[in-house]
Amino acid sequence: MGGRFLTDVVRWGAREWAMTALAFVVICAVALFATRGFAWGAQGDVLGIRFGADGDRTRVVIDLDKSTQGRVIDAGADGRVTLALNGVAPGRGLNGGGSGLVRSYQVSAAGGASRVQLELARGSEIERRFLLPPGDGVAHYRYVVDLKAVGGAVPAPRAAPRSTPTPRRAERPLIVIDAGHGGRDPGASGAKISESQVTLAAALALKAELERTGRYRVRLTRETNTYVDLYRRVSIARQADADLFISLHADAGSDPAVRGASVYTLSEQGAGRAVREFTRTDNWHRELHLPGRDPSVDRILLDMTQRATQNRSAQFARVLLTHLEGSDHPLLRRSHRDAGLAVLLAPDVPAVLLEMGFITNPEDERLLTDERARRRLMKSVADGIDRYFREPAAPLMTASNDGAGQP
């Protein structure tokens, strides 16, 4: 049998040899893809990379088949931003020209991750990064990296260490503090004081704490016992291009035994309302510095901006609650809540509303009216703000209800 087979092989012509070679190539290709499949398992691929450039800022959107956790390898100091996206395969690999602050990009495999390398056209740094889950008409995940310019041309590589450019003083984060109520709107009433008096005293104390660090610019929506319209408070933050908006309030309830602080962020219903109200005017895209050439594209960019803002707000809320708890300030059992409150509606400014305690509870009212206790509370709030801006690369929280609204 073996001899007959060898005899037949010797008699093969060109056609038989060609068919055998083709079969061998197919078998090798199948084995190659099978090996790759075993290596990556069910992990998703990088689908593509998109750019949106606007002056000194560029948004990089990495479309993904699945969720991921990103890690910064190069932050831009050497003219390059490099990210590792864990658990995501690079597929066939991607590369091409960039836009705005990015000259070019390349996606490659790096162990069990994809490495995304951005060659910069100008000196830049990562301003923020976040993951967007499927939603708002988009069926896949998006990892978003916002870059901002910090200097001129990208420096040439040098063996000697380079000094990092010192940020201009005007580039310090701007915090807008909103003292709730005021003027003809005194808010809730305690046994000795009104809510509007408590919130103004707390806002002034927080402003002093932040300015003492020298790291922030601070603006108040009101500095006296005056009434400011709710939407005007949001406009103040947006027109000032604020980096964070925090509205201070004191809660009230029918049961005087209920006490504790809570933090509100924007609910999903409130986010939808914010987008509807924001797009009522014909020139809404100009307020967000969008191109305005394609309404559908601008609406997608608005939705992405809104989602990013919700995520940043949720992250700050959790950081803030951690510091309040660490200072032994009493908290409600479900201290992170959500609502469609008017002061949280800005689509492009991370915002929270802090209920500092129940003015209808004797102990909480005492803490809120005692100057030393109030200053201690505002110090913990300032520490939370400091950590939020000091650790922008900390793991991001995805905006969610998190049991919000429940007692």
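Modeller: What follows takes the strands, the helices and the cavities in turn.
This is a predicted model, in which local features need pLDDT of at least 70, side-chain atom pairs count only at pLDDT 80 or more, and totals for chains, interfaces and linings use all residues. Residues are numbered from 1 along each chain as its sequence is written, and side-chain values use heavy atoms, with hydrogens and water left out.

Colleague: How many residues of strand β12 are buried?

Modeller: Eight of the eight residues in β12 (residues 244-251) are buried. Buried means under 20% relative accessible area, with a 1.4 Å probe and protein chains only. Strands are DSSP runs of E with at least two residues, and helices are runs of H or I with at least four, numbered from the N terminus.

Colleague: And which way do the side chains point?

Modeller: L244, I246, L248 and A250 point one way, while F245, S247, H249 and D251 point the other way. In a regular strand the side chains alternate between the two faces of the sheet.

Colleague: Which strands does β12 pair with?

Modeller: Strand β10 (residues 174-179) is joined to β12 by five bridges, and β15 (residues 351-358) by six. Both pairings are parallel. Two strands pair if DSSP finds at least two bridges between them. S247 is the bridge partner of D178, and S247 also stands opposite L353 in β15.

Colleague: Changing topic, what caps the N-terminal end of α4?

Modeller: D229 does, with a side-chain oxygen 2.9 Å from the backbone nitrogen of Y231. Within α4 (residues 230-239), R233, V234, I236, A237 and R238 are buried. Just after α4, D241 takes a positive phi of about 60 degrees.

Colleague: What about the start of α9?

Modeller: There, a side-chain oxygen of D370 reaches to within 3.3 Å of the backbone nitrogen of R372. Helix α9 (residues 371-390) has 20 residues and spans 28 Å from its first C-alpha to its last, close to the 28 Å expected at 1.5 Å a residue. That expected span is 1.5 Å times one less than the number of residues.

Colleague: How many cavities of 30 Å³ or more are there?

Modeller: The search of the whole structure finds two. On a 1 Å grid over the protein atoms alone, a cavity is a set of points where a 1.4 Å probe fits but cannot get out, and lining residues have an atom within 4 Å of a point. A volume is the space filled by probe spheres set on the points. The second largest cavity has a volume of about 40 Å³.

Colleague: Which helix gives the most to the lining of that second largest cavity?

Modeller: Helix α7 (residues 295-326) does, with four residues. The residues lining this cavity include L266, Q306 and A351.

Technical notes
Buried means under 20% relative accessible area, exposed over 50%, partly exposed in between (1.4 Å probe, protein chains only). A polar contact is a pair of N or O atoms within 3.5 Å; within protein, one must be able to donate a hydrogen and the other to accept it, and residues adjacent in sequence count only if both atoms are side-chain atoms. On a 1 Å grid over the protein atoms alone, a cavity is a set of points where a 1.4 Å probe fits but cannot get out, and a pocket is an open set with protein on both sides within 12 Å along at least five of seven lines; lining residues have an atom within 4 Å of a point.
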